[in-house]
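I opened my notebook with a friendly plan: pick a few spots, look them up one by one, and write down what turns up.

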Amino acid sequence: MSEIHPPRVPLTTDPAQHPAVFAAAFDSGDPAAVEQVYEPAAVLVPAPGKPVTGEDRRLANARFQDLGLPIEVEPRHVYVADDIALLIVDWKIHGTGADGSAVHIEGTATDVARRGPDGHWRYVIDNPFGVA
């Protein structure tokens, strides 16, 4: 019997494309796909002042995915120094949620990504609500 693996979202070698990679992983509905865009010890700040890592990070992203709506991302600025990138990204999740309720969540993310030894970019810090 063959082992089933979650679908993979191709990572990018271009830091400006990393938000689009995140969006594709998010829109897949698969929390494991979202986890691929993070370094193992990466921090997510799902609510202002509330950083999480590891399993708590996966669960926080899964709660956003459970809304059943796609995420729209629009990079505003990408600043790169060697293998580190600062990404300022406008984003929103908008529409009718899986439970029939209206959903409108948006922010301007202040994110840090790092190029790994494989040449692909992954989040080190994902702060979707920026300075809030």
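My entries follow, and I keep in mind that this is a predicted model.

**Entry 1**

I began with α1, which spans residues 18-27. How many of its residues are buried? I found seven of its ten, so I noted α1 as mostly covered. The buried ones are H18, P19, V21, F22, A23, A25 and F26. Then I looked up what covers them, and the cover includes α2 (31-35), β1, α3, β2, β3 and β5. Just after α1, I came to G29, which takes a positive phi of about 80°.

A reminder to myself about helices: an α-helix has 3.6 residues a turn, so residues three or four places apart point the same way.

**Entry 2: Q65**

Next I moved to Q65, found in helix α3, which covers residues 54-65. Is Q65 buried or exposed? Its relative accessibility is 9%, and the cut-off for buried is under 20%, so Q65 counts as buried. Setting aside neighbours within four places in sequence, I listed the contacts of Q65 as A25, F26, G29, D30, P31 and V34. Two of these names were already in my notes, as A25 and F26 are among the buried residues of α1. G29, with its positive phi, also came up in my first entry.

**Entry 3: E39**

I turned to strand β1, residues 38-44, where E39 lies. At 17% relative accessibility, E39 is under the 20% cut-off and therefore counts as buried. Which side chain makes a polar contact with the side chain of E39? I found R114, at 2.7 Å. Not counting residues up to four places away in sequence, E39 touches R57, R114, R122, Y123 and V124.

**Entry 4: the cavity**

A search of the whole structure finds one cavity of 30 Å³ or more. The volume of the largest cavity is about 180 Å³. Its lining has 16 residues, and F22, I71, W91, D126 and P128 lie nearest the centre.

What kinds of residue make up the lining? I noted 13 nonpolar, one polar and two charged. At least two lining residues come from each of α1, α3, β2 (71-81), β3 (84-96), β4 (102-115) and β5 (121-127).

Definitions and conventions
Residues are numbered from 1 along each chain as its sequence is written. This is a predicted model: local features need pLDDT of at least 70, side-chain atom pairs count only at pLDDT 80 or more; totals for chains, interfaces and linings use all residues. Side-chain values use heavy atoms; hydrogens and water are left out. Helices (H or I, at least four residues) and strands (E, at least two) are DSSP runs, numbered from the N terminus. Buried means under 20% relative accessible area, exposed over 50%, partly exposed in between (1.4 Å probe, protein chains only). Contact means heavy atoms within 4.5 Å. A polar contact is a pair of N or O atoms within 3.5 Å; within protein, one must be able to donate a hydrogen and the other to accept it, and residues adjacent in sequence count only if both atoms are side-chain atoms. On a 1 Å grid over the protein atoms alone, a cavity is a set of points where a 1.4 Å probe fits but cannot get out, and a pocket is an open set with protein on both sides within 12 Å along at least five of seven lines; lining residues have an atom within 4 Å of a point. Grid points are joined across faces, edges and corners, and a volume is the space filled by probe spheres set on the points. Ala, Val, Leu, Ile, Met, Phe, Trp, Tyr, Cys and Pro count as nonpolar, Asp, Glu, Lys and Arg as charged, and the others, Gly among them, as polar.
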